[in-house]
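Trainee: Could you take me through one part of this model slowly, the place where the two chains meet? I would like to follow it step by step.

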Amino acid sequence: MDALTAHLSEFGHGLVTTVELTVVTTVGAMLLGIVVATLRIAPVPLLRAIGTAYVEVFQNLPLLALLVLFVFALPTIGITFPLFTSAAIVIAVYEGAYLAEAIRAGINTVGVGQAEAARAIGLTFGQSLRHVILPQGLRAVIQPIGNICIALLMNTSLAAAVGVVELTQAANTVNLVEAQPIAVFTGAGLAYMLLALIIGQVTGLLERRLAIVR
Amino acid sequence: MNQTQKILFDEPGPRAQRRIRIATVLGAVLLAGALAAAVYQFASHGELAAERWEPFTTWPIWRYLFNGLWATLRAAAATAVLSAALGLLLALGRLSTHRPLRWLAGAYVEVFRTVPTLLLIYVTLFALPQYGMNFPLFWKLVVPLVVSNSAAFAEIFRSGILALDRGQTEAGLAVGLRRGQVMALVVLPQALLQLTPSLVSQLVGLLKDTSLGFVVSYTELLYSGQVLSSYTHLLIQTFLVVALIYLVVNASLSKFARVLQARNGRFGGRRARRAAELPPPLIEGNTPR
């Protein structure tokens, strides 16, 4: 237990970095997901193909391979970002593909009548999407989106493998100093479970507030 | 393309067709621009030079990468078999009538679903050796993967078993089978058939997880790429090729999952399908109506 209390500041910094990374990438991935889901149902065949290719590529590549490619290999062609930014971009792009699929599933649950009504009163594709389809479609998939956010939280730990000092890396560093693996890793595991619990609670709250009971 | 998606836009008239053409051209220009920028970046740093790509036309390099792929597939296969078996046990535990068993399995699943795999890998790398559990490299990768993937498999199996019509269990009990028999003979065969697509997608996820071998220094595909690039100094080329291999392998697996989904999770041809639809009579001479 001493190992935990003696290194509270390291753990604190790691926890804050993990939370920051999670929040930033969730927002980024959500925006990307909406854009890609829209592309996949757009009237323009080329845009649909781009959306499909995006989802296929990023769902089938390991996140760690993307991180390594971005952090270690891109500098050789002169593209460098700060480490945290790189990790955030890669994780957002990767999870964006999963969110896009979840959002598309949500759009599919919206009744055909809704879309027809929107078209009938003269809304354009963009307007009907913004005012009619997305608000209903997103509400239908709050739970799946919450699950993807929990997966995202766990995936932020992979940033440790390319050198971002977040919770997992902090735990590892503290353990190398203190050599009390049980206390240190259990502490980190509990912190992750707590964060996942918070995401789950928020999802449940949103679901109760926003979901449309039919 | 299903109905909702089609109804979002009508059959395009002349004006809409013009707009679609404009959007296509704009999209193509943007895409070409991005591609040109990428090519420019590669070229201006000399990474497009023929000798920096030439090694990837030689067999030794590919043999090395294929060895890595083979190690990836081996790790994935071991993880898949072990975690599917453990996951099935956990799912049965969570659905059992014994409260302690239910509680234990539930706790395991809830804990390991929310702890990152990398943290578990650090535990096997740095914590367990202190207690005399120093696995070989292969198992240092596979054990943590099994621990976390079995929780995911347990949830898939549980949802599949719960999704099956209650009447199946009740009928099984009514004809005098014990609970274990009902599960083994009636519920599981049907649930597994329905679950095949989700199980295959989990397989893709698991194959991607084996890239954590990079952290363990187990020479699977990604770490092979790392080793290779530290010899050849062809960083971006190697990792692009590695990414391409992952893409091909996983896309074929995903494609397979979609085919299964389209066939409603059935492997076999017509005979297997008919057998699945018409279960044989449980009692001789008593044909189902």
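Mentor: The contact draws 50 residues from chain A and 46 residues from chain B, where two residues are in contact if their C-beta atoms, placed from the backbone, lie within 7 Å. Among the elements giving two or more residues to chain A's side are α3 (45–60), α4 (63–73) and α10 (181–210); helices are DSSP runs (H or I) of at least four residues and strands are runs (E) of at least two, numbered from the N terminus. The largest share of that side, eight residues, belongs to α10(A). By class, the side of chain A that touches chain B holds 37 nonpolar, ten polar and three charged residues. Here Ala, Val, Leu, Ile, Met, Phe, Trp, Tyr, Cys and Pro count as nonpolar, Asp, Glu, Lys and Arg as charged, and the others, Gly among them, as polar.

A word on the model itself. It is predicted, so local features need pLDDT of at least 70 and side-chain atom pairs count only at pLDDT 80 or more, while totals for chains, interfaces and linings use all residues. Residues are numbered from 1 along each chain as its sequence is written, and chains are lettered from A and ligands numbered from 1 in the order in which they are written.

Now look closely at α4(A). It packs against helix α12 (residues 235–262) of chain B at an angle of about 165°, with the axes 10 Å apart; axes are lines fitted to C-alpha atoms, for helices over the stretch in contact, and angles run from 0 to 180 degrees between N-to-C directions. That makes α4(A) roughly antiparallel to α12(B), a label for angles over 145 degrees. On the α4(A) side, Ala65(A), Val68(A), Leu69(A), Phe72(A) and Ala73(A) meet residues of α12(B), including Phe239(B) and Tyr246(B). The residues of this contact are eleven nonpolar, no polar and no charged.

Leaving aside neighbours within four places in sequence, Ala65(A) is in contact with Ser211(B), Leu222(B), Val242(B), Ala243(B) and Tyr246(B). Together with Leu64(A) and Leu67(A), Ala65(A) touches the most other members of the largest nonpolar core, which has 120 residues. Such a core is a set of buried Ala, Val, Leu, Ile, Met, Phe, Trp, Tyr and Cys residues joined through C-beta atoms within 7 Å, and a residue is buried if 20 or more other C-beta atoms lie within 10 Å of its own.

Finally, chain A as a whole has ten helices and zero strands.

Key
Buried ≥ 20, exposed ≤ 12 C-beta atoms within 10 Å, placed from the backbone. Parallel < 35°, antiparallel > 145°, perpendicular 65-115°, else oblique.
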